[in-house]
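Here are a few friendly notes to read alongside the model. Please keep the structure open as you go through them.

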Amino acid sequence: MDEPKGEVLEVLVEIRDTLNRIYACFEDEYLEIQKRKYGEKVKAFEAMLTDVRKKIFPLLFDQKQLSQGEIAKVVGISQPAVSQFVKLLIENDLIEQVDKADKIIYRDKYDLIKLIQK
């Protein structure tokens, strides 16, 4: 029974790798389309960014699902500063808060993380 699961996993890994290569070819075009499509949102987002906030933003979506306090420690700022930035992002409809079990996680509504990574 484990063999079919292994085969499926192998196929899924191949699909993921293929999609990653395709994405790499079109990443710049994708970002331009996002900027045009969500122009005002992107401008609002870029206007609120500072060097510190550029460090905070990706951590909001980290697989470890860090709390605001943990993010503050990683970045070296206060938890209220992280909270204020999160509140600003939510108010500007750039991210949304999702309650998941005993944690709060965030969703990047416009794939803005790609802009920071560029």
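1. Helices here are DSSP runs of H or I with at least four residues, numbered from the N terminus.

2. A word on the source: this is a predicted model, in which local features need pLDDT of at least 70 and side-chain atom pairs count only at pLDDT 80 or more, while totals for chains, interfaces and linings use all residues. Residues are numbered from 1 along each chain as its sequence is written, and side-chain values use heavy atoms, leaving out hydrogens and water.

3. On the α3 side, the contact with α4 is made by Val52, Lys55, Ile56 and Leu59, and α4 contributes Ile71, Val74 and Val75 (contact means heavy atoms within 4.5 Å).

4. The largest nonpolar core has 24 residues, and Phe57, Leu60, Ile71, Leu89 and Leu112 have the most contacts inside it. Such a core is a set of buried Ala, Val, Leu, Ile, Met, Phe, Trp, Tyr and Cys residues joined through side-chain atoms within 4.5 Å. With four residues, α5 gives the most to this core.

5. Leucine 89 touches Phe45, Met48, Phe57, Leu60, Leu94 and Ile95, leaving aside residues up to four places away in sequence.

6. Proline 58 sits in helix α3. Its relative accessibility is 26%, so proline 58 counts as partly exposed (buried is under 20% relative accessible area, exposed over 50%, partly exposed in between, with a 1.4 Å probe and protein chains only). Proline 58 touches Ile113 and Ile116, not counting residues up to four places away in sequence.

Technical notes. Helix = DSSP H or I, 4+ residues; strand = E, 2+ residues; numbered from the N terminus.
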